[in-house]
Amino acid sequence: MDSGEIPAERPVTLDITVEDVPKEAPGPASSQPSSSQESIDLGGDFISPQDDSSATRSESILDKLNDQMMESVMISDSPNNSEEEEDVAAMDSILDAEEGEYVCNKEEQAEIGQNTKEIIVSFEDQHSAEGMVAEELMKDTDRQRDDSDSKFTEADTEEAFEENTMHEPVEATLSSPKEESIPVCTIFSQGPQPKALVPDGFQPTLIKSPSFGMMSAGVSDEAVITSKLHSPLICQPSPSLSKFFSDNGHTNPASDFFDSFTTPSSFISVSNPNAELPSSPTPERQLSTSSSISTPGAVLDFGTPTSVFAPAPMDSSKTQSTAPQTPPVVANSATQPQPFNQLQAVFSGSDDPFATALSLSEVDRRHDAWLPSEEIRKVLISVATQQFSPAYVETSRLTMPGLKFDNLQGDAVKDLMVRFLGEQAAVKRQVLTANSVEQSFTGLKQLISTKNWRAAVDLTGRLLTAHGQGYGKAGQATSHTTDSLQLWFVRLALLTKLNLFQNAELEFEPFGNLDQPDLYYEYYPNVYPGRRGSMVPFSMRLLHAELPQYLAKPQEALDRLHNLRTGCLAILENLEKGLAEDGSMITLTQENRQASLKLWKSRLSRVMYSMANCLLLMKDYILAVETYQSIIQYEPRQRVQLLSAIGRIFLQIGDVKTAESYFQDVEDACQMKGSQPSDSTCMVMNRAFVYLSQNNYTEAHSSFTEVLKTDPKNPVANNNAAVCLLYLGRLKESLGQLEGLVQQNPAQYLHESVLFNLTTMYELESSRSNQKKQALLEAVAGREGDSFNTQCLKLV
Amino acid sequence: MDVNQTKQEHLLALKVMRLTKPTLFTNLPVTCEDRDLPGDLFCQLMRDDPSTIRGAETLMLGEMLTLPQNFGNIFLGETFSSYISVHNDSSQVVKDILVKADLQTSSQRLNLSASNTAVAELRPECCIDDVIHHEVKEIGTHILVCAVSYTTQYGEKLYFRKFFKFQVLKPLDVKTKFYNAESDLSSVTDEVFLEAQIQNITTSPMFMEKVSLEPSIMYNVTELNSVVNGDQGESTFGKMSYLQPMDTRQYLYCLKPKPEYAEKAGVIKGVTVIGKLDIVWKTNLGERGRLQTSQLQRMAPGYGDIRLSMEMIPDTVNLEEPFDIICKVTNCSERTMDLVLEVCNTRTIHWCGISGRQLGKLSPGASLSLPLTLLTSAQGLQSISGLRLTDTFLKRTYEYDDMAQVCVVCPSV
């Protein structure tokens with residue numbers, strides 16, 4: 001790769017150097033200032049210009065070249081004409097030298113590979129000679145480092161070339177009018193302006209630790225060399241050393257530092273769309289296949305007309321009347337008739353045209369209000385006013401969702417139990433599944449509240465399949481009801497909660513930007529006569545907007561959140577102007593207006609929270625802090641929490657001073673509204689975090705303990721106090737505290753963060769951490785649902 | 001992770017964990033409204049989650065501390081902290097345990113253990129704990145060597161070691177650049193401006209707690225990184241003083257030679273030591289780092305043998321009307337000069353007075369004022385050129401062109 005790139009770069013350099021040198025060289029300015037710049041660096045990385053012709057690194061010469069270019073603006077009045085030729089000569093030698101250098105590097109690399117082996121052999125020979133071993137190692141790594149240094153030099157060279165290219169035009173224009181000027185009086189003629197135009201001219205400067213003084217000159221030379229480099233940011237085990245470690249019978253030394261943990265982002269469990277389960281096929285699977293072979297007519301029958309082929313609106317009432325018969329159509333092919341009666345129950349009633357007509361209420365309008373885009377609004381108006389068939393709406397504008405994967409069931413906790421505790425123990429693990437609950441919203445709620453979210457996702461899949469939006473149905477004409485969209489919302493929200501972001505995105509995709517005509521009530525004048533607004537719940541819009549941030553697309557999330565915010569603000573503006581939410585001229589009672597304002601303000605603040613969270617994920621701390629700050633005006637009751645959070649953000653950045661000033665604001669705010677126990681907890685907690693940031697773990701620990709005096713069950717303070725103990729070198733105490741908590745109050749402490757800390761300490765404590773982790777697994781199995789994130793147990 | 005893979009089963013297990021700062025747990029808020037299908041369920045779940053903030057569950061940044069999840073990166077100037085735990089895995093009492101932790105760098109070997117005395121005995125399931133700290137002062141490979149020696153209950157002396165290798169990386173890229181300002185016309189020694197570009201080459205944001213220039217004894221320094229606004233200085237970098245990864249920030253300093261050095265005009269010549277930058281930064285939860293640059297050196301602008309500076313010159317003059325300027329000629333060489341002044345007209349500059357005038361002898365370091373009269377024959381911005389000084393001792397001529405510019409205007413009618 002490198003060898004391919006370098007020749008490609010070279011012609012550019014050639015052009016520049018040739019062009020520049022004649023221009024620069026006649027000016028007497030060349031040599032002296034360049035030496036003045038180079039001498040900044042003590043380390044010997046830069047060689048004084050006199051002796052640099054060919055023997056030294058190509059990089060330093062190029063740097064010098066760069067300097068010369070810059071120095072056309074620097075002043076010197078000692079003309080030295082011979083300089084010019086020397087420079088040109090140097091130029092040629094640079095190119096030669098560079099080539100030579102590169103080849104040389106390659107050879108060196110090859111050599112090093114051999115050296116490595118040799119050293120290991122010698123190490124084994126000297127195994128008894130204790131002190132020597134590590135020294136030997138160091139030599140080895142040094143050699144390697146040298147090698148990597150020279151590689152970096154190459155990279156720097158290229159950089160220098162690029163800089164040349166960039167500055168070349170500027171240089172040319174600057175220097176050309178002054179070509180004939182010889183010794184220059186310094187004062188007014190060439191001000192600092194030209195200098196400022198040349199952006200680079202900076203000297204890489206050696207940095208070192210202040211107390212770094214005990215090293216020999218030779219070593220500091222080396223340090224200088226490295227200081228020039230942009231070191232890679234990831235530790236890579238050098239082959240020789242890892243060999244060394246493995247020879248010694250150790251595992252990878254890195255793992256002893258516990259660096260094999262995955263980051264929270266990789267906590268995402270693997271789910272395989274369409275994965276066949278080892279267990280017997282569930283009814284749901286059969287359902288999905290059965291519905292995929294059902295005729296399009298059956299699907300259309302089920303809902304209201306939606307597509308080009310849909311019957312005219314006049315027929316739609318007839319269609320509706322047949323709607324209750326639709327589930328049996330699907331049920332024909334189902335093996336279990338019982339759930340389908342329930343499914344039917346789910347979908348009946350709420351979609352009854354007469355019932356809906358009557359249920360049009362203030363509350364509906366308030367919650368469903370949304371402002372469609374102009375285009376969609378026109379479509380909706382034409383549907384509503386002219387009684388025009390929605391048939392002309394292109395299919396591409398319609399929403400045709402379907403399940404993208406039809407089975408997610410699985411219980412990671414049970415899998416782990418089978419693996420570590422045996423089948424026998426795993427039998428004891430009993431969690432609710434989609435089969436074991438009522439096939440209805442009630443069953444769904446039951447699964448959610450018992451934290452069996454995977455099963456809950458399965459159940460939403462079944463219910464949606466019954467609605468004709470099952471597996472493989474994406475892209476097929478369908479219709480929407482309030483309930484079907486709620487089911488989608490629950491499903492997608494649960495997938496997000498389970499960190500299955502890709503899956504959620506995949507299933508969100510057919511919904512587009514949630515602004516399609518068939519997602520508004522106006523599109524179904526016969527089903528929802530008189531009802532207006534968005535069928536998509538606001539929470540689903542929010543989820544849709546938030547989702548991309550978890551998929552490394554925070555900008556997209558921000559865009560969507562800003563759209564939501566604009567919508568909220570527009571609705572609030574309408575309300576302030578005395579109009580209805582959507583801007584229509586409906587008169588609202590004062591009471592209703594106030595309720596609406598309250599609702600939409602809370603929605604706005606929720607959107608702002610999401611924006612701030614997203615900005616925090618993006619590490620755009622300035623905007624995140626501003627946004628959190630702006631939420632205070634909407635949620636004055638959360639002032640204390642918000643200010644504390646801002647303080648913690650500053651601590652995360654490392655700005656302890658600013659954090660303290662925010663914590664001071666918190667204390668002031670607490671005093672203002674009179675002390676409540678939660679506020680004093682908050683204040684002490686903040687103080688503890690400040691101590692922590694000052695490396696004062698003793699005080700931090702006593703502050704967390706102080707919280708426990710007033711609030712002994714505070715899980716955060718308990719956990720944090722235990723963490724502080726570890727930093728104080730009191731591993732056993734820390735472990736004891738956390739273990740005690742988990743045993744006494746598993747409901748509170750079987751939390752991933754606590755368990756993660758606990759398992760980390762187990763690993764640090766003894767070689768038998770696995771047994772202790774398995775005990776934790778048993779505790780988890782007895783309490784937690786199938787959505788438990790087993791990664792924190794670090795069993796695999 | 002298993003220690004006891006060595007041929008000989010050891011009774012003790014050594015575990016090492018780097019203690020970077022803990023992190024704050026972030027939760028993932030998913031909410032719904034009361035009218036939605038789950039009703040209050042989602043919110044209830046979030047309220048029950050101990051990692052959320054009570055009263056503000058949608059706030060992502062929690063208060064729960066979690067231990068470091070991996071070794072992470074360590075940078076020059078930071079403090080390497082590590083937990084060393086020796087655990088008795090066996091069922092017998094072990095005696096005379098000595099734990100030694102050394103850090104091997106490319107240049108030296110340091111002992112990091114807090115105590116070097118042996119622990120008399122360690123019962124089963126008990127630990128010897130030690131937290132070591134070391135400020136890293138070198139870049140490159142470091143190896144933490146932990147050695148444990150002990151005696152079994154049968155009097156057998158056993159010994160094992162473990163090696164932990166890590167790379168110390170460079171956190172900052174610092175580039176400097178000097179500007180020689182010559183604002184003070186009467187002085188030979190002038191102010192020096194130092195621009196320092198500091199780039200964060202780590203992967204995390206960095207709060208710059210302190211970036212200061214410690215001048216050498218010859219200079220006084222003024223930091224130009226804040227704008228005085230009322231009684232408070234406001235940083236030019238805005239309210240939040242942190243650097244995102246790969247961001248560069250430019251600091252500016254003005255250095256003035258101290259009067260006692262400034263008087264000796266000849267002293268500040270050639271290479272001078274300006275001082276060094278002292279940088280203190282903090283990252284996650286106050287993890288601190290500190291670095292200094294090497295001594296920054298600067299080549300004082302050379303003025304050759306004779307320095308000619310402008311003492312007085314009008315900015316605007318009338319076309320074809322004579323005007324006066326005053327030049328100052330300083331002998332910067334080590335010898336006495338005998339100078340002759342010549343003036344050569346250019347196309348637009350016309351000198352008045354005698355060319356070839358003797359200026360007399362000028363001893364080293366001395367200067368003289370030179371009033372001159374000239375006129376220009378073209379409008380616009382004109383460069384004053386054509387002054388020649390010849391040292392009759394060495395028969396050397398110094399040419400001065402483009403010394404200054406004047407704006408030439410047509411006198412109003």
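Arg491(A) lies over the face of Phe405(A), 5.1 Å from the ring centre. A second case involves Arg603(A), whose charged end sits over the ring of Trp600(A) at 4.6 Å from its centre. To count here, NZ of Lys or CZ of Arg has to be within 6 Å of the ring centre and within 35 degrees of the ring normal.

Some ground rules before going on. This is a predicted model, where local features need pLDDT of at least 70 and side-chain atom pairs count only at pLDDT 80 or more, while totals for chains, interfaces and linings use all residues. Residues are numbered from 1 along each chain as its sequence is written, chains are lettered from A and ligands numbered from 1 in the order in which they are written, and side-chain values use heavy atoms, with hydrogens and water left out.

**Chain A as a whole**

The secondary structure of chain A comes to 35 helices and two strands. These are DSSP runs numbered from the N terminus: helices are H or I with at least four residues, strands are E with at least two. Of the 796 residues in chain A, 56% count as buried. Buried means under 20% relative accessible area, exposed means over 50%, and partly exposed is in between (1.4 Å probe, protein chains only). Chain A exposes about 33,400 Å², and carbon and sulfur atoms supply 55% of that; accessible areas come from the Shrake-Rupley method with a 1.4 Å probe, and for residues only the protein chains shown count as cover. Among the contacts in chain A with a separation of 6 or more, 69% come from residues 24 or more positions apart. A contact means heavy atoms within 4.5 Å.

**Aromatic rings**

There are 20 aromatic pairs over all chains. Rings of Phe, Tyr and Trp (its six-membered ring) pair if their centres lie within 6.5 Å; planes under 30 degrees apart are stacked, over 60 edge-to-face, and the rest tilted. Here are two of the pairs.

| Pair | Type | Centre to centre | Angle between planes |
|---|---|---|---|
| Trp488(A) and Phe511(A) | edge-to-face | 5.6 Å | 75° |
| Tyr697(A) and Tyr727(A) | stacked | 4.7 Å | 15° |

Tyr697(A) lies in helix 30 (residues 697-710) of chain A and Tyr727(A) in helix 31 (residues 715-727) of chain A, so this pair ties together parts 30 residues apart in sequence. Tyr697(A) and Tyr727(A) are both buried.

As for the other pair, Trp488(A) is in helix 21 (residues 482-497) of chain A, and Phe511(A) is in the loop between helix 22 (501-508) and helix 23 (538-550) of chain A, 23 residues apart. Trp488(A) and Phe511(A) are both buried as well. Elsewhere, Tyr521(A), Tyr523(A), Tyr524(A) and Tyr528(A) form one aromatic cluster.

**Around helix 22**

In helix 22 of chain A, the buried residues are Phe501(A), Asn503(A), Ala504(A), Glu507(A) and Phe508(A). Looking down the axis of helix 22 of chain A, they fall within an arc of 160°, so they line one face of the helix. The arc is that of the directions from the helix axis to the C-beta atoms. These buried residues of helix 22 pack against helix 21 and helix 23 of chain A.

Gln516(A) is found in the loop between helix 22 and helix 23 of chain A. With a relative accessible area of 11%, Gln516(A) is buried. Leaving out residues up to four places away in sequence, Gln516(A) touches several residues, including Ile376(A), Arg397(A) and Phe511(A).

**Helix 28**

Helix 28 (residues 656-672) of chain A has 17 residues and reaches 24 Å from its first C-alpha to its last, close to the 24 Å expected at 1.5 Å a residue. That expected span is 1.5 Å times one less than the number of residues. Buried residues in helix 28 of chain A include Val656(A), Tyr662(A), Phe663(A) and Cys670(A). Seen down the axis of helix 28 of chain A, the buried residues fall within an arc of 130°, so they line one face of the helix. On the other side of helix 28 of chain A, Lys657(A), Gln671(A) and Met672(A) are exposed. The buried residues of helix 28 of chain A pack against helix 26 (621-634), helix 27 (639-653) and helix 29 (677-693) of chain A, together with strand 20 (271-283) of chain B. Just after helix 28 of chain A, Gly674(A) takes a positive phi of about 85°.
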